[in-house]
Amino acid sequence: MVQESAARVTARPAETGTVDAVVVGAGFAGMYMLHRLRGLGLTARVYEAGGGVGGTWYWNRYPGARCDVESLQYSFSFSEDLDQEWSWSEKYSPQPEILAYANHVADRFDLRSQIAFDTRVTAASFDETAGAWLIETDRGDKVTAKFCIMAVGCLSAPNRPAFPGTDQFRGPIYHTGEWPHEGVDFTGLRVGVIGTGSSAIQSIPIIARQATQLTVFQRTATWSVPAWNAALSEEYLKEAKAHYPELRAKARARPTGFYFPFNIQPALQASAEEREEQYEAAWQRGGLPFLGAYGDLLFEKAANDTIAEFARKKIRSIVKDPGTAELLCPRNVFGCKRLCVDTNYFETYNLPHVKLVDVSTTPIERFTAEGIVVDGTEHGFDAIVSATGFAAMTGSFDRIAITGRGGRTLAEKWRAGPRAYLGIASEGFPNLFMITGPGSPSVLASMIQAIEQHVDWLADCLGHMRDVGAATIEPTHEDEEAWVSHVNDVSTVSLRSTCSSWYVGANIPGRPRVFMPYIGGFPVYVQKCNAVMNSGYDGFVLKGARNSNAPPQVRFTGRWQVPLDIEVISPAAVAAKRVPVV
Ligand code: N01
């Protein structure tokens, strides 16, 4: 019995007509895009499948959900007033607070009137004669727009593995990515959790507090670092806000798009004692910056082995049962999959009612009415939590029938892996844009900064198209191919490309193995985008321009013209494997 969140859907007449732009999704990307479109004086309609704004933070309401980038940086930076007005309560804020922030932004910038909620876009097709997109929804809307902007999120399409017998299970099955809005009380229940990624490691300690019995099915052991989350004091916030602009600027110059202290020295040049000290200090600081302990950790396997062994020692020191501790010790490259950040994850396995079941060699066989069968043994449950992740990066595009020039579908074009120039646009699909699409830093940067940079670039592009009277913009085949090759080449420099993560689509059987996000570093990517814009959109074809000599005007992207932290983060540093990408 699969549980879906119960959204109250109010009736409204189907929409027709024409707007300048349709935006698909009202998460952080869709909201900011709408704000910028409005600033340009363009008419826009946003369609959002959820009943409210917030995207990821609207859907992922599982217990313990919170961000793993510090809240002071995991927030919009486009408005200094907004930065000053809003106060985060914790270092890593919980999902309800991030959702409250999204709602505050929607109200503060008066966005709701142009968003149609509870409406899923089902199809977008390009009419070559009209030079416009026809966008259709599951509520019968058929709207025409010159621009179609996909703000659909990188981790939005839940992965539901097809375990035999799922329908037979008598209790509820909850997916972490579509958690019931009313919450779930596991008190007195026997609960099974499938998966040990970020969603699982955050929810397991909380579920364990309620359940009478908790069984975790682990296919791949997870690298996780303590968050050491804490409340933010008034004094801390006051001080941070006094220096907010500097913090934002420093963040933009970092490969991750967020700031934290890191050490560029190679681990292999330090002595074993120095490394131990350095790792211990980084562990005590906690969070994703743990990977910044040395500069070569994601480039040199021998260096990575040193941090991996340190983290395994930590797991063995926390988990009391040696057999369970060994099962929880990952054997793959440290930080190859997205590093997890937890509060009491490993400690939870010391509780007598919590059990770990290894499904790495004996996969889940089937569901029954009573529970889950592994290796011939039935584990009985009252409720099951599927923390099985997402069809990352392209899954949200797969859910929409997108048809471009000549009747070619995006699904067909992307069958062997996504192809997009700068992760923003794809040849054959004029005036279709993607915010943080595959081939851009997206999930390897702080998502909100990556979103803002794309939206600002796109707003400038649309403004330029209006200045020169261009009807359409579309990347050339050659430039797109060159960019896709570059994204692929850069990925091979990093150890990140070596394991079966969702970055490469390998979490789901049958998906093509392609490293999808751009791993060359956020500032390097931003420089490329700026260069493309400043050259008059090199790599793109603008059709119908009356005034093609007009130089592009930089309307709002000034804040992205930040110098690289050149000492350590330059294309040469990438080539020399010296970019501490988290
Ligand atoms: O999903 P995941 P997630 N049988 O794909 C397992 C972001 N995020 O929702 O590793 C058994 O990481 C799968 O096993 P394996 C963050 O970027 C951020 O947890 O593929 N197990 C894995 O253990 C994150 O990386 C935050 O072998 C199966 C788990 O399910 C991303 O979202 C919080 C299986 C899925 O883990 C996704 O995280 C939450 C099967 N058939 C999420 N299929 C923060 O900001 C899958 N699994 C903190």
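In what order do the strands of the open sheet of 3 strands run? Hi everyone, the order is 13-14-15, and the pairing is antiparallel. Strands here are DSSP runs (E, at least two residues), helices are DSSP runs too (H or I, at least four), and both are numbered from the N terminus.

A quick word on the source: this is a predicted model, where local features need pLDDT of at least 70, side-chain atom pairs count only at pLDDT 80 or more, and totals for chains, interfaces and linings use all residues. Residues are numbered from 1 along each chain as its sequence is written, and side-chain values use heavy atoms, leaving out hydrogens and water.

Strand 14 (residues 371-374) pairs with strand 15 over 4 bridges in the antiparallel sense; pairing requires at least two DSSP bridges between two strands. Val373, for instance, has Glu378 in strand 15 as its bridge partner.

Now to the helices. Helix 1 (residues 28-39) packs with helix 14 (residues 447-468) at an angle of about 30°, and their axes are 9 Å apart. Axes are lines fitted to C-alpha atoms, for helices over the stretch in contact, with angles from 0 to 180 degrees between N-to-C directions. Who meets whom? In helix 1, Phe28 and Tyr32 are among the residues that meet helix 14, whose contacting residues include Ile448 and Leu462. Contact means heavy atoms within 4.5 Å.
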